[in-house]
Amino acid sequence: MDFKNLVAHCKEYGFIFQSSEIYDGLSAVYDYGPYGVELKNNIKSYWWKSMVQMHENIVGIDAAIFMHPKTWKASGHVDAFNDPLVDNKDSKKRYRADQLIEGYAEKIELKIRKDVEKAAERYGDAFDEAQFRATNARIIERQNQIDAILARLGAAMKAGDMDDLKAQIETYEIACPESGSKNWTEVRQFNLMFNTQLGNIAGEEGKLYLRPETAQGIFVNFLNVQKSTRQKIPFGIAQIGKAFRNEIVARQFIFRMREFEQMEMQFFVRPGTEMEWYNYWKDARLKWHKALGTVDNKLRYHDHDNLAHYANAAVDIEFDFPFGFRELEGIHSRTDYDLTQHQALSGKKLQYFDPEQNENYVPYVVETSIGCDRMFLAVLSNALVEEAVPDAEGQESTRVVMKLPPALAPVKVAVLPLLKNKEALTQAAEKIYNDLKRHFNCQYDEKDAIGRRYRRQDAIGTPYCVTVDFDTLEDNTVTIRDRDTLEQKRIKIDDIRSFVQDKVSIENLL
Ligand code: GAP
């Protein structure tokens, strides 16, 4: 399903709404509706279960969003958590200078792709794309151009050279996408942290930040957790919580938001063993994604060339979103940077006594960090399809169906009396619903023809529909319909619970 329809579906079926929509919305902030919150909670449960409860050496915390302002000085966010901002003087629109330059390179890439498509049409089955790209003079020239643009951009970003970013915008004659104007301000660093003020302290000292990552709540609690749980290295601390970033350009629905949720785990290891654990978590996290049934070619690794100030290795797990491959999760080897910085600024030791080595040291950290909302978007874009199916009369019709892994589905089972005006049927169906609702998130629905009710459940991804008909009253059996195969079979009322439990259990993913 294309991206526009996916966004519309999310609103129509109560998954995601624009924040404060009646006031025309707040850009890059979203609210989760009744089915959205269930799906999001299930994603979080899957993460928590597999990261925390399945590992005896990983424990969870829930730290506050506000932290002492020195935290963000120590972590480097006050000085270095910036994006290069440029304003267009005519349209008054703001952009990230690096994204404007990347967009310029993407336009050249589009020209290459057009040439490739034309050649593919011309040569038919005999076409060899790799060979064509490697030998066609025009493509080689354009590819060299792209490489040079990205190399210069990378160097300017690494050096924090705002003047060169401005010079690049001028050299490539980049125009404002809204107005076509080339009248730009200077490029300047823009800090992405939101800030607010403590009530009882005026001025700089009372300046508080909304955390831009959950990780720091874990670092500052490292010793509290280690001592209170008597964990031995290697061990991890995990957390799910809100993070806030004042993104200059926030696009693509819930992909890049200003308020979002992260699921992060810091794994504390003995110095010198960090690459071993980095590779372990890189592998483990990809397996976690694949357990959801995501096809292999929709996920890939992307190693970072330009490492953040705290990292000695970093990789993204990218997902093929409707707008192309983008970062879904990051795995970072963060060295001892954060703990050492917090030690220095707080004056408190953040060291671990290793009984096997008989020495104290500041542990190294391998981090796994995934955006819950991005995961939601990946799950949804993977699941939502429009497909041809036979209708009740056997004629071909189309249905929109969310083929979610049953463990993540917002509603596990819908109970549907065949007819709503037959009290014996509705009473029997209500009884089944009242029993099942104690075990799963269920729905009772008696409105409209049965075919329409099935379609409604398909659209929200309900894996099973139970239909109560006249035979039910005779033999205590119901029809249970499988969302994906459309297979319908009769089972005993007493067996519904174990049948559904077996299929929707999170255990199937672990
Ligand atoms: N603690 C490391 C850290 O925060 P990051 O790569 O900046 O690393 C980690 O963010 C993950 O958080 C990303 O892979 C992405 O899934 C999610 N994320 C980051 N910024 C986001 C935003 N503005 N909106 C939604 N998700 C975001």
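## Charges over rings

The charged end of Arg300 lies over the ring of Phe325, 4.0 Å from the ring centre. This is a predicted model. Arg374 places its charged end over the ring of Phe255, 3.7 Å from the centre.

## The edge-to-face pair

Phe255 is also part of a ring pair with Phe321. The two centres are 5.2 Å apart and the planes stand at 75°, so the pair is edge-to-face. This pair links distant parts of the chain, 66 residues apart. Phe255 lies in the loop between strand 9 and strand 10 (259-269). Phe321 belongs to strand 12 (residues 313-321). Both residues, Phe255 and Phe321, are buried.

Phe255 and Phe321 sit in a cluster linked by ring pairs.

## The stacked pair

The structure holds 26 aromatic pairs. One of them joins Phe222 and Phe235. Their rings are stacked, 6.1 Å centre to centre, with 15° between the planes. Phe222 is in helix 10 (residues 222-229), and Phe235 is in strand 9 (residues 235-244). They are 13 residues apart in the chain. Phe222 and Phe235 are buried.

## Helix 5 against helix 8

The axes of helix 5 (residues 97-123) and helix 8 (residues 162-171) come within 10 Å. They cross at roughly 35°, and the crossing is left-handed. Helix 5 contributes Ala97, Leu100 and Ile101 to the contact. Helix 8 contributes Leu165, Gln168 and Ile169. By class, the contact has 5 nonpolar residues, 1 polar residue and no charged residues.

Definitions and conventions:
Residues are numbered from 1 along each chain as its sequence is written. This is a predicted model: local features need pLDDT of at least 70, side-chain atom pairs count only at pLDDT 80 or more; totals for chains, interfaces and linings use all residues. Side-chain values use heavy atoms; hydrogens and water are left out. Axes are lines fitted to C-alpha atoms, for helices over the stretch in contact, and angles run from 0 to 180 degrees between N-to-C directions. Helices (H or I, at least four residues) and strands (E, at least two) are DSSP runs, numbered from the N terminus. A crossing is left-handed if the near helix is turned anticlockwise from the far one by less than a right angle, and right-handed if clockwise. Contact means heavy atoms within 4.5 Å. Ala, Val, Leu, Ile, Met, Phe, Trp, Tyr, Cys and Pro count as nonpolar, Asp, Glu, Lys and Arg as charged, and the others, Gly among them, as polar. Rings of Phe, Tyr and Trp (its six-membered ring) pair if their centres lie within 6.5 Å; planes under 30 degrees apart count as stacked, over 60 as edge-to-face and the rest as tilted. Buried means under 20% relative accessible area, exposed over 50%, partly exposed in between (1.4 Å probe, protein chains only). A charge sits over a ring if NZ of Lys or CZ of Arg is within 6 Å of the ring centre and within 35 degrees of the ring normal.
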